[in-house]
Amino acid sequence: MAMRTSCEMDRARKWLGLSISLSCCLMMNLVTAVLSGSSRPPSKGQEGSLSDNLLLHLRMKRSWVWNQFFVLEEYTGTDPLYVGKLHSDMDRGDGSIRYILSGEGAGIVFTIDDATGDIHAIQRLDREERSQYTLRAQALDRLTGRPMEPESEFIIKIQDINDNEPKFLDGPYVASVPEMSPIGTSVIQVTATDADDPTYGNSARVVYSILQGQPYFSVDSRTGLIRTALMNMDREAKEYYEVIIQAKDMGGQLGGLAGTTTVNISLSDVNDNPPRFPQKHYQMSVLESAPVSSTVGRVLAKDLDEGINAEMKYSFVDGDGLDVFDIATESNRQVGVITVRKPLNFESKKSYTLKVEGANPHLEMRFLNLGPFRDTATVHITVEDVEEPPLFEPSFYFVEVPEDVDIGTTIQMIHAKDPDVTNNSIRYSIDRSSDPGRFFYVDIATGALMTARPLDREDIPWHNITILAVELNNPSQVGSVSVTIRVLDVNDNAPEFSRFYEAFVCENAKAGQLIQTVSAIDQDDPQEGQHFYYSLAPEAANNPNFTLRDNQDNTAWILTRRSGFRQHEQNIFYLPILIVDNGRPMLSSTGTVTIHVCSCDDKGLVMSCNAEAYVLPVSLSRGALIAILACIFVLLVLVLLILSMRRHRKQPYIIDEDENIHENIVRYDDEGGGEEDTEAFDIAALWNPREAQVVLKSRQDMMPEIESLSRYVPQACTMDSSVHSYVLAKLYEADMDLWAPPFDSLQTYMFEGNGSVAESLSSLQSASTDSEQSYDYLTDWGPRFKKLAEMYGATEGNGALW
């Protein structure tokens, strides 16, 4: 069977050599048939061994011609498209041969006339979807269905036409190129794809061109590579460009199809712009109280670049405040922040002038010719005055004072001053929360720190007080300073036994036997260490029973001097021991050791220390004895409770006539009471308190405050240290007197008299007037008021008042 194409396809291809002679054609068909038959497996329905097939092939006439069919794509006609014709040499034209088509697209895309062998395409073909189809053809006997020829394959190829335009599958494109790039710098390469057959004609030959983007960019027509076409493109002038690229097939000839894409090109920044300060002079101000690291102001050197190319480094290059101020870069805004480096003082310097420089730290060598990439500006900073609290000099005080210092002794002079220009006067006081025991006092005007109470190192070895300084004209301005006071030790405590000693001596003890080791303690702490000396007290120096040995290591032994101790003779001995320390002056104390005489066994173990052992009755158990003692205790409590209730019973308001009522009167009279009234004031002391040598008693319900005196003392009048010491000592004595009546405190009478605010409070100098009041009742008040009765009462002789 031979395959015959249409005349048009035979003339177009001419590859089968149909123009050669018929004999050559027949010879080629024969060879082809033999090769084809020898290389294929037996057809479906054929049976028998390989030898049978070979005999069949030898018997059958080989007349197949292998060929290809070609058909144009995109056929738009209404009739089926003729593809080609199949024909077998065994076909005599009588319809006895039936042609069958199988394989890809058989019956769906391609059909065959089973009588004539004509092949037609019944669907529109698209080479871009499928470029070829592989089919199989067979010739059968129409009556028997027996294959007349072996099955053979052939290919139908779809011939391409230019029906697809170029497409940019990756578009639109985004690219970037540094600004100021030289001409010809590569930006990006674009690629267009044409679905047509690149092996047939020029349908897939693409040419690139630029439709939009001149004169800035150009494109290579063959490769699609986009390059810069203009030099010195400045990002600061124009940053973004939209370039349109066209791709046209058919080699760009007329009639070719074209596709376009957009390329968005941005210019990346380079450091081609130097920084510049928009103003050359900055004026700033800051309070002198501004803390260290606080912000004074900001400066900005503008740079048209961006990112790392716009980074700025600020520094001071000149000025009179290089050590007072700092400048740093605020990274997110590229701003120079000026801060305080050291504390400011308006009184010492009121203004500063600084020269600040802003520079790019990242430079590109090729742009250095554009100018220096740095700029400078002048900053003038004014310090503003603020009200400041008093300032102490020094800022901390450390004082050492012995614990036996006298009350009122000045231990330190505290000094503070107003740092402002006004230089206001300062008043001193102690923060009482730091000195709750009121051990110290500070002079309100001079700042002299004095002791107000006795100091005791063994009680409080350290004092940490706070001295306050207040401006006289502005009490809101308060300064403070810490004063640490160390109380130095003096030998003011005598040594004593470390515990209560109770020793035991056996009746069978021998002379020289150790019965007790004693040791002592001392609250003092001498620098050379403690050392105690032990000896028997003078009254026991010749004790015949016991002796004492000082071990020279702060301990001592008590030894027996004799033997033969007996409980029935004396069962308890008291041994006084004298203990002396090594201080200056040396202090001593006497401690007593109680020694019991006990009966011991042969090993020296104590058996009994009582002369007569107390034995409980046999019939009385321990529990019963405890119950009896508990009952006795309850009865005692009840008796005491009844007596207490009787004593607190209210007294009747009616005064018994026989009762001596002068005791009640004395209780409420401030100056009366007769000669035996020892609780009254000494009137002589009130006349001139400055010469009084007796101790005046203060009220116990009021805490005297020396500071209150300053309200009545003229500013010109000041007291020296001796007066301060005297007042503080008397104040301490008054505070410590637990028996003083609740009268006015000492300072109330300190300046009483002529010239004082209260003037004289005494009634002794007041004018006396006659009174019509009768004082005869004084004769009924008893012997204590006999003198008053004689002075104010009527005489027995003439009845006149004396």
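This is a predicted model: local features need pLDDT of at least 70, side-chain atom pairs count only at pLDDT 80 or more; totals for chains, interfaces and linings use all residues.
**Entry 1: D118 and its surroundings**

I started with D118, whose side chain is joined to that of T116 by a polar contact of 3.2 Å. For a polar contact I take a pair of N or O atoms within 3.5 Å; within protein, one must be able to donate a hydrogen and the other to accept it, and residues adjacent in sequence count only if both atoms are side-chain atoms. A polar contact of 3.2 Å also joins the side chains of D118 and K85.

Residues are numbered from 1 along each chain as its sequence is written, and side-chain values use heavy atoms, with hydrogens and water left out.

D118 sits in strand β6 (residues 118-121). Helices (H or I, at least four residues) and strands (E, at least two) are DSSP runs, numbered from the N terminus. Is D118 buried or exposed? D118 counts as buried, because its relative accessibility is 19%; buried means under 20% relative accessible area, exposed over 50%, and partly exposed in between (1.4 Å probe, protein chains only). Leaving out neighbours within four places in sequence, I found D118 in contact (heavy atoms within 4.5 Å) with Y82, G84, K85, T111, I112 and D113.

**Entry 2: the whole protein**

I stepped back for the overall counts. The protein has 9 helices and 40 strands, and 36% of its 802 residues are buried. Of the contacts with a separation of 6 or more, 68% are between residues 24 or more positions apart.

**Entry 3: salt bridges**

How many salt bridges does the structure hold? I noted 21 of them, each being a side-chain nitrogen of Lys or Arg within 4 Å of a carboxyl oxygen of Asp or Glu.

I looked at R235 and D269, whose side chains meet in a salt bridge (2.9 Å, N to O). R235 lies in the loop between β13 (225-228) and β14 (240-248) and D269 in the loop between β15 (258-268) and β16, so this pair ties together parts that are 34 residues apart in sequence. R235 and D269 are both buried; for R235 the relative accessibility is 8%. A polar atom of the R235 side chain also lies 2.9 Å from the backbone oxygen of L304. Beyond four places in sequence, the contacts of R235 are E179, L267, S268, D269, L304, D305 and E306.

Next came R584 and E528, with a salt bridge between their side chains (3.9 Å, N to O). This pair links distant parts of the chain, 56 residues apart: R584 is in the loop between β38 (572-580) and β39 (588-600), and E528 in the loop between β34 (514-521) and β35 (533-536). Both R584 and E528 are exposed. I also found one network, in which salt bridges that share partners join R235, E236, E239, D269 and E306.

**Entry 4: the largest nonpolar core**

Which residues touch the most other members of the largest nonpolar core? Among its 25 residues, they are V299, F325, I338, V356 and I381. Such a core is a set of buried Ala, Val, Leu, Ile, Met, Phe, Trp, Tyr and Cys residues joined through side-chain atoms within 4.5 Å. Strands that each supply at least two residues of this core include β16 (281-287), β17 (295-299) and β22 (374-384). The largest share, 4 residues, comes from β22. Not counting residues up to four places away, V299 touches F277, Y282, M284, Y314, I327, V335, G336, I338, V356 and V379.

**Entry 5: a patch on the surface**

I finished with F633, V634, L635, V637 and L638, which form a nonpolar patch on the surface with about 480 Å² of accessible area together. Patches are made of residues with over 30% relative accessible area and no salt bridge; like charges are joined within 9 Å, and nonpolar side chains (Val, Leu, Ile, Met, Phe, Trp, Tyr) within 5 Å. V634 belongs to helix α4 (residues 622-647) and counts as partly exposed, because its relative accessibility is 46%.

Terms used. Accessible areas come from the Shrake-Rupley method with a 1.4 Å probe; for residues, only the protein chains shown count as cover.
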